[in-house]
Amino acid sequence: MKRRWKREPILKLLLVICCILTAIYMAVQVARLAGSPAMKSVGGAAGEGVILIDPGHGGADGGASAADGTMEKDINLQIALPLADMLRFLGYPVEMTRDTDRSIHDPDVTTIKNQKISDMKNRLSLVNESRLTISIHENHFPQTQYFGTQIFYGTNNAESVLLADTVRESVIGLLQPENTRELKKGTKDIYLLHNAKVPIILVECGFLSNTAELQKLKDPSYQQNMAYAVACGLLEYDQ
Ligand SMILES: [Zn+2]
């Protein structure tokens, strides 16, 4: 059971965690520059206890695209990479569905449509071998006024909504105090959420269709802040 918090102590706790994560992130960057071999694990069989980070889309599937040509798949990866690094430095076993711009379809599949189907099936296999999965996406509406992170949760495992709740609290507390979006259940249209057996959330970090939010989403420091906020939410869930 998750207890309900009073908001101010939570904000203080989140800020402390955020400072720690900042230090960790700096250390990760130093380790990367030094060529540390301990950082990578992509695709393949997920081990027990593994946290799977899933940057949505990739390769021929760009996901949504902004008016300026920014593609969702790229923003997803730019947020997912620091998120995975931070969690590894905290000691979590982490795998990613992809850590470059690619689809993970079977190599013998030829048409784009079948590649997309194969990609989603392979992602689902990895999801169901993980302890929990965080999928990173961006939103896009025809109207330009909408903004703010929206979190969806899987419906086959009761833990999904608890994870979604702590990540939502963290994102709102650290980054978006004006965000009033409620959690949403994953419908059958969201393949991974509908079929995953393990706890899973899908974080639509922001709207590519909102000019101001698009500028933030393209900013590397905002991308890292979003990654921190999601990581803080996971830490709170895991307490
Ligand atoms: Zn997407």
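Predicted model: local features only at pLDDT ≥ 70, side-chain atom pairs only at ≥ 80, totals over all residues.
How do H2 and H7 lie to each other, oblique or parallel? Helix H2 spans residues 72–89 and helix H7 spans residues 220–237. The two pack at an angle of about 45 degrees, with their axes 8 Å apart. Angles under 35 degrees count as roughly parallel, and roughly perpendicular begins at 65. H2 and H7 are therefore oblique to each other. Their crossing is right-handed.

Look next at the residues that meet. H2 contributes Gln78, Ile79, Pro82, Leu83, Met86 and Leu87. H7 answers with Gln223, Gln224, Met226, Ala227, Tyr228, Val230 and Ala231. By class, this contact has ten nonpolar residues, three polar ones and no charged ones.

Now step back to the whole chain. The protein has seven helices and six strands. From the N terminus on, the elements run α-β-α-β-α-β-β-α-β-α-β-α-α. Of the 239 residues, 45% are buried. Take the contacts between residues at least 6 apart in sequence: 77% of them join residues at least 24 apart.

The largest nonpolar core holds 56 residues. Within this core, Leu83, Ile201, Val230 and Ala231 touch the most other members. Leu83 belongs to the H2 side of the helix pair, while Val230 and Ala231 belong to the H7 side. Leaving aside neighbours within four places in sequence, Leu83 is in contact with Ile53, Ala227, Val230 and Ala231. Strand E1 covers residues 51–55, and Ile53 is among the contacts of Leu83.

H7 has another partner to follow. Helix H4, residues 159–174, packs with H7 at an angle of about 135 degrees, and the axes are again 8 Å apart. Roughly antiparallel would need an angle over 145 degrees. H4 is therefore oblique to H7. H4 passes H7 in a right-handed crossing. On the H4 side, the contact is made by Leu162, Leu163, Thr166, Val167, Glu169, Ser170, Val171 and Leu174. On the H7 side are Tyr228, Ala229, Val230, Cys232, Gly233, Leu234, Glu236 and Tyr237. By class, the contact of H4 with H7 has eleven nonpolar, three polar and two charged residues.

Turn to the loop between E1 and H2, where His57 lies. Most residues other than glycine have a negative phi. His57 has a positive phi of about 65 degrees although it is not a glycine. Is His57 buried or exposed? A residue is buried if 20 or more other C-beta atoms lie within 10 Å of its own. His57 has 24 such neighbours inside 10 Å, so His57 counts as buried.

Ala60 lies in this loop between E1 and H2 too. With 14 other C-beta atoms within 10 Å, Ala60 is partly exposed. Ala60 touches Ser103, Ile112 and Gln115, not counting residues up to four places away in sequence. The C-alpha atoms of Ala60 and Lys116 are separated by 8.8 Å, although these residues are 56 apart along the chain.

Ala67 is also found in the loop between E1 and H2. A residue counts as exposed with 12 or fewer C-beta neighbours. Ala67 has 10 inside 10 Å and therefore counts as exposed. Ala67 and Ser209 are 142 residues apart in sequence. In space they are 7.3 Å apart, C-alpha to C-alpha.

Technical notes. Residues numbered from 1 in each chain as written. Axes fitted to C-alpha atoms, helices over the stretch in contact; angles between N-to-C directions. Helix = DSSP H or I, 4+ residues; strand = E, 2+ residues; numbered from the N terminus. Parallel < 35°, antiparallel > 145°, perpendicular 65-115°, else oblique. Left-handed = near helix turned anticlockwise from the far one by under 90°. Contact = placed C-beta atoms within 7 Å. Nonpolar A, V, L, I, M, F, W, Y, C, P; charged D, E, K, R; others polar. Core = buried A, V, L, I, M, F, W, Y, C linked by C-beta atoms within 7 Å.
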